[in-house]
Amino acid sequence: MGTASYGYINKCTEDGRKYVALKEPEASNMRWAFNEIAKGKYATNQIRLKMNKMEGAKISSTSFYRAIKNPVYIGKIYIKAYKDEEACIVEANHESLISESLFYKVQNVLSGKTWAERPKGKITTANEFPLRGFLKCPRCGGHISGSGSRGKKNVYYYYHCNAKCGYRHSSDKVNSAFEKELVKYDYHESVNTLLKEIILSNFKYIQENIDGKKRELSEQIVNLTNRLSSAREKYLEDRLDFEDYQIIKNESKKKIDELEMELQNQRLSRKNIDIRAKLDQVLNILPNLSQLYIKGDNETKNSILCSILAEKLEFQENAFRTPKLNSALTQILLINNQLKSKKKGNSTSKSAVSRRVTAEELHSINLLQLLKT
(Lines give C-alpha, C1' and ligand atoms only; values in the text may rest on other atoms or scores of the structure.)
Protein backbone atom coordinates (compact mmCIF):
# COMPACT_ATOMS: atom_id res chain seq x y z
CA MET A 1 0.00 0.00 0.00
CA GLY A 2 2.90 2.38 0.55
CA THR A 3 3.04 5.33 2.93
CA ALA A 4 -0.34 6.68 4.01
CA SER A 5 -1.41 10.10 2.72
CA TYR A 6 -1.17 13.17 4.96
CA GLY A 7 -3.92 12.92 7.58
CA TYR A 8 -3.77 9.12 7.65
CA ILE A 9 -1.46 6.61 9.32
CA ASN A 10 -0.44 3.06 8.37
CA LYS A 11 -1.64 0.42 10.83
CA CYS A 12 -1.79 -3.34 11.11
CA THR A 13 -4.32 -5.68 12.74
CA GLU A 14 -3.34 -8.55 15.04
CA ASP A 15 -3.67 -11.02 12.16
CA GLY A 16 -1.27 -8.97 10.03
CA ARG A 17 -3.81 -7.19 7.81
CA LYS A 18 -2.61 -3.72 6.86
CA TYR A 19 -4.90 -0.70 6.73
CA VAL A 20 -4.89 3.09 7.06
CA ALA A 21 -6.69 5.13 9.72
CA LEU A 22 -7.24 8.83 10.36
CA LYS A 23 -4.43 10.55 12.21
CA GLU A 24 -5.00 13.66 14.33
CA PRO A 25 -4.36 16.57 14.27
CA GLU A 26 -3.26 16.17 10.64
CA ALA A 27 -6.70 14.88 9.57
CA SER A 28 -8.46 17.93 11.00
CA ASN A 29 -5.83 20.18 9.41
CA MET A 30 -6.45 18.64 5.99
CA ARG A 31 -10.22 18.90 6.39
CA TRP A 32 -9.79 22.59 7.22
CA ALA A 33 -7.58 23.06 4.15
CA PHE A 34 -10.16 21.52 1.80
CA ASN A 35 -12.87 23.80 3.18
CA GLU A 36 -10.67 26.90 2.79
CA ILE A 37 -9.70 26.06 -0.79
CA ALA A 38 -13.36 25.54 -1.68
CA LYS A 39 -14.13 29.11 -0.61
CA GLY A 40 -11.69 30.47 -3.19
CA LYS A 41 -10.57 33.26 -0.86
CA TYR A 42 -6.84 32.54 -0.66
CA ALA A 43 -4.19 31.15 -2.96
CA THR A 44 -3.67 27.43 -2.35
CA ASN A 45 -0.12 27.84 -1.09
CA GLN A 46 -1.27 30.53 1.37
CA ILE A 47 -3.65 27.97 2.86
CA ARG A 48 -0.82 25.42 3.11
CA LEU A 49 1.42 27.93 4.90
CA LYS A 50 -1.32 28.74 7.40
CA MET A 51 -2.02 25.03 7.93
CA ASN A 52 1.66 24.40 8.61
CA LYS A 53 1.43 26.78 11.59
CA MET A 54 -1.17 24.53 13.21
CA GLU A 55 -0.36 21.57 15.45
CA GLY A 56 0.82 18.48 13.64
CA ALA A 57 3.32 17.64 10.91
CA LYS A 58 4.18 20.15 8.19
CA ILE A 59 3.67 19.36 4.52
CA SER A 60 5.70 20.52 1.52
CA SER A 61 4.21 22.40 -1.40
CA THR A 62 4.58 19.46 -3.81
CA SER A 63 3.06 16.96 -1.39
CA PHE A 64 0.18 19.31 -0.59
CA TYR A 65 -0.78 19.85 -4.24
CA ARG A 66 -0.62 16.11 -4.81
CA ALA A 67 -2.71 15.44 -1.70
CA ILE A 68 -5.62 17.78 -2.48
CA LYS A 69 -6.11 16.04 -5.83
CA ASN A 70 -6.04 12.55 -4.30
CA PRO A 71 -9.45 10.77 -4.07
CA VAL A 72 -8.17 8.92 -1.00
CA TYR A 73 -9.80 11.66 1.10
CA ILE A 74 -13.27 10.63 -0.11
CA GLY A 75 -12.69 6.94 0.60
CA LYS A 76 -11.50 5.98 -2.89
CA ILE A 77 -8.21 4.86 -4.39
CA TYR A 78 -6.75 5.61 -7.81
CA ILE A 79 -5.29 2.52 -9.49
CA LYS A 80 -2.82 3.11 -12.32
CA ALA A 81 -3.11 1.35 -15.67
CA TYR A 82 -1.35 -2.02 -15.72
CA LYS A 83 -0.69 -4.03 -18.90
CA ASP A 84 -4.12 -4.36 -20.58
CA GLU A 85 -6.03 -3.07 -17.56
CA GLU A 86 -7.13 0.56 -17.62
CA ALA A 87 -6.57 3.10 -14.86
CA CYS A 88 -9.58 3.49 -12.60
CA ILE A 89 -10.85 4.83 -9.27
CA VAL A 90 -12.33 2.25 -6.91
CA GLU A 91 -14.12 2.30 -3.57
CA ALA A 92 -11.80 1.61 -0.63
CA ASN A 93 -12.29 0.34 2.92
CA HIS A 94 -10.70 3.21 4.81
CA GLU A 95 -12.68 6.07 6.41
CA SER A 96 -13.21 9.12 4.20
CA LEU A 97 -12.05 12.50 5.48
CA ILE A 98 -14.35 14.81 3.49
CA SER A 99 -17.51 14.57 1.39
CA GLU A 100 -17.45 13.99 -2.36
CA SER A 101 -19.22 17.31 -2.90
CA LEU A 102 -16.42 19.18 -1.11
CA PHE A 103 -13.72 17.24 -2.98
CA TYR A 104 -15.18 18.02 -6.42
CA LYS A 105 -15.73 21.64 -5.47
CA VAL A 106 -12.03 21.90 -4.62
CA GLN A 107 -11.09 20.28 -7.95
CA ASN A 108 -13.15 22.93 -9.74
CA VAL A 109 -11.38 25.71 -7.83
CA LEU A 110 -7.99 24.21 -8.71
CA SER A 111 -8.88 23.89 -12.39
CA GLY A 112 -10.40 27.37 -12.56
CA LYS A 113 -13.88 26.01 -13.39
CA THR A 114 -15.67 28.27 -10.95
CA TRP A 115 -17.65 31.50 -11.08
CA ALA A 116 -15.24 33.17 -8.69
CA GLU A 117 -14.55 36.86 -9.33
CA ARG A 118 -11.90 37.88 -6.89
CA PRO A 119 -8.20 38.44 -6.39
CA LYS A 120 -6.63 35.84 -4.14
CA GLY A 121 -6.11 37.19 -0.63
CA LYS A 122 -2.93 37.04 1.36
CA ILE A 123 -3.03 35.78 4.94
CA THR A 124 -1.49 38.50 7.09
CA THR A 125 -1.40 39.41 10.76
CA ALA A 126 -0.13 42.97 10.22
CA ASN A 127 -2.91 45.40 11.16
CA GLU A 128 -1.21 48.13 9.14
CA PHE A 129 -1.68 46.28 5.82
CA PRO A 130 -5.25 44.93 5.50
CA LEU A 131 -5.10 45.62 1.74
CA ARG A 132 -1.95 43.59 1.18
CA GLY A 133 -2.58 41.17 -1.67
CA PHE A 134 -5.42 43.34 -3.02
CA LEU A 135 -3.38 46.18 -4.53
CA LYS A 136 -1.55 46.49 -7.82
CA CYS A 137 0.84 49.22 -8.90
CA PRO A 138 -0.79 51.88 -11.13
CA ARG A 139 2.61 52.59 -12.70
CA CYS A 140 3.91 49.17 -13.71
CA GLY A 141 1.00 46.84 -12.83
CA GLY A 142 3.22 44.94 -10.41
CA HIS A 143 2.47 43.46 -7.01
CA ILE A 144 2.18 45.88 -4.08
CA SER A 145 3.76 44.80 -0.82
CA GLY A 146 3.98 46.53 2.57
CA SER A 147 6.69 47.23 5.12
CA GLY A 148 7.68 49.55 7.94
CA SER A 149 10.39 52.19 7.90
CA ARG A 150 11.88 53.28 11.23
CA GLY A 151 12.23 57.00 11.73
CA LYS A 152 13.82 58.89 14.63
CA LYS A 153 10.84 58.34 16.92
CA ASN A 154 8.34 56.05 15.24
CA VAL A 155 7.92 53.31 12.66
CA TYR A 156 6.18 54.50 9.48
CA TYR A 157 4.31 51.98 7.34
CA TYR A 158 4.03 52.05 3.55
CA TYR A 159 2.47 50.13 0.70
CA HIS A 160 5.09 49.98 -2.02
CA CYS A 161 6.12 48.43 -5.33
CA ASN A 162 9.67 47.22 -6.05
CA ALA A 163 12.64 49.55 -5.72
CA LYS A 164 13.02 49.93 -9.49
CA CYS A 165 9.44 51.23 -9.85
CA GLY A 166 9.57 53.44 -6.76
CA TYR A 167 5.79 53.63 -6.15
CA ARG A 168 5.06 54.17 -2.43
CA HIS A 169 2.21 55.52 -0.28
CA SER A 170 1.55 55.72 3.44
CA SER A 171 -0.52 52.74 4.61
CA ASP A 172 -2.64 55.02 6.83
CA LYS A 173 -3.51 57.18 3.83
CA VAL A 174 -4.36 54.22 1.59
CA ASN A 175 -6.37 52.41 4.27
CA SER A 176 -8.35 55.54 5.12
CA ALA A 177 -9.11 56.21 1.43
CA PHE A 178 -10.44 52.70 0.97
CA GLU A 179 -12.71 52.99 4.01
CA LYS A 180 -14.18 56.15 2.45
CA GLU A 181 -14.57 54.33 -0.86
CA LEU A 182 -16.43 51.49 0.84
CA VAL A 183 -19.02 53.89 2.30
CA LYS A 184 -20.26 54.47 -1.27
CA TYR A 185 -21.58 50.90 -1.33
CA ASP A 186 -23.84 51.26 1.71
CA TYR A 187 -27.56 51.46 1.01
CA HIS A 188 -30.81 51.68 2.94
CA GLU A 189 -32.19 48.45 4.41
CA SER A 190 -35.59 49.12 2.86
CA VAL A 191 -34.13 48.07 -0.51
CA ASN A 192 -33.64 44.51 0.76
CA THR A 193 -37.25 43.43 0.21
CA LEU A 194 -37.07 44.20 -3.51
CA LEU A 195 -33.55 42.73 -3.82
CA LYS A 196 -34.70 39.48 -2.26
CA GLU A 197 -37.63 39.20 -4.68
CA ILE A 198 -35.40 39.89 -7.69
CA ILE A 199 -32.67 37.47 -6.66
CA LEU A 200 -35.09 34.63 -5.82
CA SER A 201 -36.77 35.09 -9.20
CA ASN A 202 -33.43 34.87 -11.00
CA PHE A 203 -32.31 31.97 -8.83
CA LYS A 204 -35.34 29.95 -9.95
CA TYR A 205 -34.23 30.58 -13.53
CA ILE A 206 -30.72 29.36 -12.69
CA GLN A 207 -32.07 26.13 -11.21
CA GLU A 208 -34.13 25.47 -14.31
CA ASN A 209 -30.99 25.94 -16.40
CA ILE A 210 -29.13 23.47 -14.17
CA ASP A 211 -31.82 20.84 -14.75
CA GLY A 212 -31.56 21.39 -18.49
CA LYS A 213 -27.77 21.11 -18.37
CA LYS A 214 -28.04 17.84 -16.44
CA ARG A 215 -30.27 16.34 -19.13
CA GLU A 216 -27.85 17.48 -21.84
CA LEU A 217 -24.84 15.96 -20.04
CA SER A 218 -26.68 12.67 -19.44
CA GLU A 219 -27.53 12.42 -23.16
CA GLN A 220 -23.89 13.04 -24.13
CA ILE A 221 -22.71 10.32 -21.73
CA VAL A 222 -25.23 7.82 -23.18
CA ASN A 223 -24.13 8.65 -26.75
CA LEU A 224 -20.45 8.20 -25.91
CA THR A 225 -21.15 4.95 -24.06
CA ASN A 226 -23.05 3.62 -27.10
CA ARG A 227 -20.18 4.68 -29.36
CA LEU A 228 -17.72 2.81 -27.17
CA SER A 229 -19.92 -0.32 -27.11
CA SER A 230 -20.26 -0.21 -30.89
CA ALA A 231 -16.48 0.09 -31.31
CA ARG A 232 -15.93 -2.85 -28.95
CA GLU A 233 -18.35 -5.06 -30.93
CA LYS A 234 -16.67 -4.13 -34.23
CA TYR A 235 -13.26 -4.93 -32.77
CA LEU A 236 -14.41 -8.33 -31.48
CA GLU A 237 -15.89 -9.09 -34.91
CA ASP A 238 -12.59 -8.10 -36.62
CA ARG A 239 -14.26 -5.14 -38.32
CA LEU A 240 -12.03 -2.61 -36.53
CA ASP A 241 -8.25 -2.54 -36.06
CA PHE A 242 -6.90 -2.71 -32.51
CA GLU A 243 -5.17 0.68 -32.83
CA ASP A 244 -8.34 2.37 -34.05
CA TYR A 245 -10.32 0.72 -31.26
CA GLN A 246 -7.80 1.96 -28.66
CA ILE A 247 -8.06 5.52 -29.98
CA ILE A 248 -11.88 5.47 -29.83
CA LYS A 249 -11.84 3.84 -26.39
CA ASN A 250 -9.36 6.28 -24.86
CA GLU A 251 -11.07 9.36 -26.31
CA SER A 252 -14.52 8.16 -25.24
CA LYS A 253 -13.43 7.17 -21.72
CA LYS A 254 -11.69 10.50 -21.16
CA LYS A 255 -14.71 12.46 -22.35
CA ILE A 256 -17.13 10.33 -20.31
CA ASP A 257 -15.07 10.91 -17.14
CA GLU A 258 -15.10 14.67 -17.76
CA LEU A 259 -18.84 14.71 -18.39
CA GLU A 260 -19.59 12.60 -15.31
CA MET A 261 -17.61 14.98 -13.11
CA GLU A 262 -19.44 17.95 -14.60
CA LEU A 263 -22.76 16.15 -14.08
CA GLN A 264 -21.86 15.51 -10.45
CA ASN A 265 -21.11 19.22 -9.99
CA GLN A 266 -24.47 20.14 -11.53
CA ARG A 267 -26.24 17.81 -9.11
CA LEU A 268 -24.41 19.35 -6.17
CA SER A 269 -25.31 22.85 -7.37
CA ARG A 270 -28.96 21.85 -7.50
CA LYS A 271 -28.97 20.12 -4.11
CA ASN A 272 -26.76 22.00 -1.69
CA ILE A 273 -28.14 25.54 -1.77
CA ASP A 274 -30.49 26.86 0.89
CA ILE A 275 -30.87 30.16 -0.93
CA ARG A 276 -33.49 31.81 1.30
CA ALA A 277 -31.59 31.39 4.57
CA LYS A 278 -28.28 32.47 3.04
CA LEU A 279 -29.86 35.39 1.25
CA ASP A 280 -31.43 36.69 4.46
CA GLN A 281 -28.04 36.57 6.19
CA VAL A 282 -26.25 38.32 3.34
CA LEU A 283 -28.86 41.06 2.96
CA ASN A 284 -28.67 41.75 6.69
CA ILE A 285 -24.95 42.46 6.28
CA LEU A 286 -24.70 44.39 3.01
CA PRO A 287 -26.42 47.69 3.92
CA ASN A 288 -23.67 48.46 6.47
CA LEU A 289 -20.72 46.83 4.77
CA SER A 290 -18.36 49.74 5.47
CA GLN A 291 -18.90 49.57 9.24
CA LEU A 292 -18.38 45.81 9.25
CA TYR A 293 -15.06 46.36 7.48
CA ILE A 294 -13.89 49.27 9.65
CA LYS A 295 -14.67 47.52 12.94
CA GLY A 296 -13.57 44.04 11.82
CA ASP A 297 -10.30 42.24 12.45
CA ASN A 298 -7.92 41.25 9.66
CA GLU A 299 -9.78 38.03 8.87
CA THR A 300 -13.08 39.90 8.57
CA LYS A 301 -11.51 42.57 6.34
CA ASN A 302 -9.96 39.89 4.17
CA SER A 303 -13.26 38.04 3.79
CA ILE A 304 -15.02 41.23 2.72
CA LEU A 305 -12.31 42.14 0.21
CA CYS A 306 -12.32 38.65 -1.30
CA SER A 307 -16.10 38.75 -1.57
CA ILE A 308 -16.67 42.14 -3.17
CA LEU A 309 -13.67 42.67 -5.46
CA ALA A 310 -13.40 41.25 -8.98
CA GLU A 311 -9.84 42.49 -9.46
CA LYS A 312 -7.07 44.23 -7.53
CA LEU A 313 -7.31 47.87 -6.49
CA GLU A 314 -5.23 50.78 -7.84
CA PHE A 315 -4.47 53.75 -5.61
CA GLN A 316 -3.40 56.95 -7.40
CA GLU A 317 -2.48 60.17 -5.61
CA ASN A 318 -5.29 60.56 -3.05
CA ALA A 319 -7.98 58.18 -4.26
CA PHE A 320 -8.70 54.77 -5.76
CA ARG A 321 -9.57 54.19 -9.36
CA THR A 322 -13.18 53.00 -9.52
CA PRO A 323 -12.75 49.34 -8.56
CA LYS A 324 -14.28 46.47 -10.51
CA LEU A 325 -16.67 44.76 -8.09
CA ASN A 326 -18.16 41.31 -7.90
CA SER A 327 -20.92 41.34 -10.54
CA ALA A 328 -23.64 40.45 -8.03
CA LEU A 329 -22.77 43.46 -5.86
CA THR A 330 -22.55 45.64 -8.96
CA GLN A 331 -26.09 44.68 -9.91
CA ILE A 332 -27.36 45.27 -6.36
CA LEU A 333 -25.87 48.77 -6.36
CA LEU A 334 -27.32 49.39 -9.82
CA ILE A 335 -30.79 48.46 -8.57
CA ASN A 336 -30.32 50.70 -5.53
CA ASN A 337 -29.30 53.65 -7.74
CA GLN A 338 -32.24 53.09 -10.07
CA LEU A 339 -34.63 53.09 -7.14
CA LYS A 340 -33.15 56.41 -6.01
CA SER A 341 -33.71 57.77 -9.51
CA LYS A 342 -37.29 56.51 -9.47
CA LYS A 343 -37.95 58.42 -6.26
CA LYS A 344 -36.79 61.56 -8.06
CA GLY A 345 -39.37 61.08 -10.79
CA ASN A 346 -38.06 58.44 -13.20
CA SER A 347 -40.40 55.63 -14.21
CA THR A 348 -38.10 52.61 -13.99
CA SER A 349 -40.33 49.60 -13.31
CA LYS A 350 -39.52 46.71 -11.00
CA SER A 351 -39.59 44.25 -13.93
CA ALA A 352 -37.10 46.36 -15.91
CA VAL A 353 -34.74 46.44 -12.95
CA SER A 354 -35.18 42.71 -12.38
CA ARG A 355 -34.18 41.80 -15.93
CA ARG A 356 -30.78 43.41 -15.45
CA VAL A 357 -29.72 40.67 -13.02
CA THR A 358 -28.73 37.79 -15.29
CA ALA A 359 -28.30 34.17 -14.26
CA GLU A 360 -24.53 34.26 -14.75
CA GLU A 361 -24.16 37.37 -12.63
CA LEU A 362 -26.27 35.97 -9.83
CA HIS A 363 -24.41 32.66 -9.90
CA SER A 364 -21.24 34.55 -8.94
CA ILE A 365 -22.71 35.83 -5.67
CA ASN A 366 -19.48 35.54 -3.72
CA LEU A 367 -21.07 37.84 -1.15
CA LEU A 368 -22.16 34.65 0.59
CA GLN A 369 -18.56 34.38 1.84
CA LEU A 370 -19.47 37.17 4.27
CA LEU A 371 -21.48 34.61 6.23
CA LYS A 372 -18.19 33.36 7.65
CA THR A 373 -17.43 36.70 9.36
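On a 1 Å grid over the protein atoms alone, a cavity is a set of points where a 1.4 Å probe fits but cannot get out. Rolling a probe the size of a water molecule over the atoms shows where empty space is left.

Which residues line the second largest cavity? They are L135, K136, I144, Y159, Y167, V174, L313 and F315, where a lining residue has an atom within 4 Å of a point. By class, this lining has seven nonpolar residues, no polar ones and one charged. Here Ala, Val, Leu, Ile, Met, Phe, Trp, Tyr, Cys and Pro count as nonpolar, Asp, Glu, Lys and Arg as charged, and the others, Gly among them, as polar.

## How to read the model

This is a predicted model, in which local features need pLDDT of at least 70 and side-chain atom pairs count only at pLDDT 80 or more, while totals for chains, interfaces and linings use all residues. Residues are numbered from 1 along each chain as its sequence is written, and side-chain values use heavy atoms, with hydrogens and water left out.

## The chain as a whole

The protein chain has 13 helices and nine strands; these are DSSP runs numbered from the N terminus, with helices being H or I of at least four residues and strands E of at least two. Of its 373 residues, 40% are buried, meaning under 20% relative accessible area (1.4 Å probe, protein chains only).

Among contacts in the chain with a separation of 6 or more, 63% join residues 24 or more positions apart; a contact means heavy atoms within 4.5 Å.

E314 sits in the loop between α10 (298-308) and β8 (315-316). Is E314 buried or exposed? It counts as buried because its relative accessible area is 11%. The E314 side chain makes a polar contact with that of K136 at 3.4 Å; such a contact is a pair of N or O atoms within 3.5 Å, and within protein one must be able to donate a hydrogen and the other to accept it, while residues adjacent in sequence count only if both atoms are side-chain atoms. K136 also belongs to the cavity lining described above.

I47, in helix α2 (residues 44-51), is buried because its relative accessibility is 0%. S290, in helix α9 (residues 289-295), is buried at 1%. Leaving out residues up to four places away in sequence, S290 touches L182, V183 and D186.

Key: On a 1 Å grid over the protein atoms alone, a cavity is a set of points where a 1.4 Å probe fits but cannot get out, and a pocket is an open set with protein on both sides within 12 Å along at least five of seven lines; lining residues have an atom within 4 Å of a point. Buried means under 20% relative accessible area, exposed over 50%, partly exposed in between (1.4 Å probe, protein chains only).
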